[in-house]
Amino acid sequence: MLKTRAVILAEKEVTYGTDPTPLPASNAILCEAPEIEVLGRKLERNNVKSYFGTLAPINVGDGVKISITTELKGSGTAGTPPEIGPLLEACGMTHTNVPVTSDQYDPNSDLESDQDSVTIYFYQHNICHKVTGCRGTWSLEGKAAEYGKIKFEFTGIYAGPVDENIPAATFNATLPPKLVSASFALGAYAAIIESFKVDLGNEIAKRPSVNAPTGILSYFIKERAVKGEIDPEAVALSDWNPWNLWANSTSGALTITFGSAAGNKCVVSGPKAILDSVKYAERESLLAYSTPLIFTPNAGNDEVRLLFN
């Protein structure tokens, strides 16, 4: 078997934990080599006996964590959701569709019973992991003249793998746009940056239940803390003073655009980004700053927005 032969299928669930049977023709996610990790516990048996040695522990599979890195791109048609749309919704983001125009994703604060989830089929060559009840988080990064990437991390209900032939999946053929002519701005300042990062920062928690087959009833999003990072070139303090912005906790609206073609453009924005710290850095001998960011709400559930149009 080959490590490089892998397929991810993902479909939104109607009922949490109920497999909607994602199909290779319509639910395939183009991604880099995915990773899977069993979230388990080892129950030690500390019984006394008349001899040395350790008794066999009891292994418990609580859940499965799947990491998927995808390209940041649209569907190719404005108003048609991107391939990664179901994954974004399962990360606690509300999808708003305007036909023939745009697809917008904003964070929500839904209760566990209302949070969206996905079933993920992870084929590692001819071994298949079918993981239901997946909820997660994402982080996005882009670099000048390169295409953007989103890394998703999902946690779902544990189930052992099965032998199943890897399917011939159909992927969206749209090419990811390069990060150029990005119109980056933080507040009123159009900083010169090379790289940009934003992390949704969802915290995933579990609901134990003795009635559940694995002892876990569900995984859910309990909180989030959106953060990011930029690396602006240093300029005269009279033009832009990050030290004062940090000292005064001054916030500014942030926006950056990936791509320009209709149907393959993604605008990432946040109404209130605050410098978390400031330190000097260097890029090609140019003085720059390394500035982590904190994205805070304005009206609520609006710290960061992804707009595909």
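Me: Why is Y289 called buried?

Reply: Y289 has a relative accessible area of 3%, and because buried means under 20%, with exposed over 50% and partly exposed in between (1.4 Å probe, protein chains only), Y289 counts as buried. This is a predicted model, in which local features need pLDDT of at least 70, side-chain atom pairs count only at pLDDT 80 or more, and totals for chains, interfaces and linings use all residues. Residues are numbered from 1 along each chain as its sequence is written, and side-chain values use heavy atoms, leaving out hydrogens and water.

Me: What makes W240 and Y289 an edge-to-face aromatic pair?

Reply: Rings of Phe, Tyr and Trp (its six-membered ring) pair if their centres lie within 6.5 Å, and planes under 30 degrees apart count as stacked, over 60 as edge-to-face and the rest as tilted. By this rule there are eight aromatic pairs. One of them joins W240 and Y289, at 6.2 Å centre to centre with 70 degrees between the planes, so it is edge-to-face.

Me: How do you know what the pair of W240 and Y289 ties together?

Reply: W240 lies in the loop between β15 (227-230) and α2 (242-247), whereas Y289 is in strand β19 (residues 286-296), so the pair ties together parts that are 49 residues apart in sequence. Helices (H or I, at least four residues) and strands (E, at least two) are DSSP runs, numbered from the N terminus.

Me: Why does W243 count as partly exposed?

Reply: The relative accessible area of W243 is 30%, so W243 is neither buried nor exposed.
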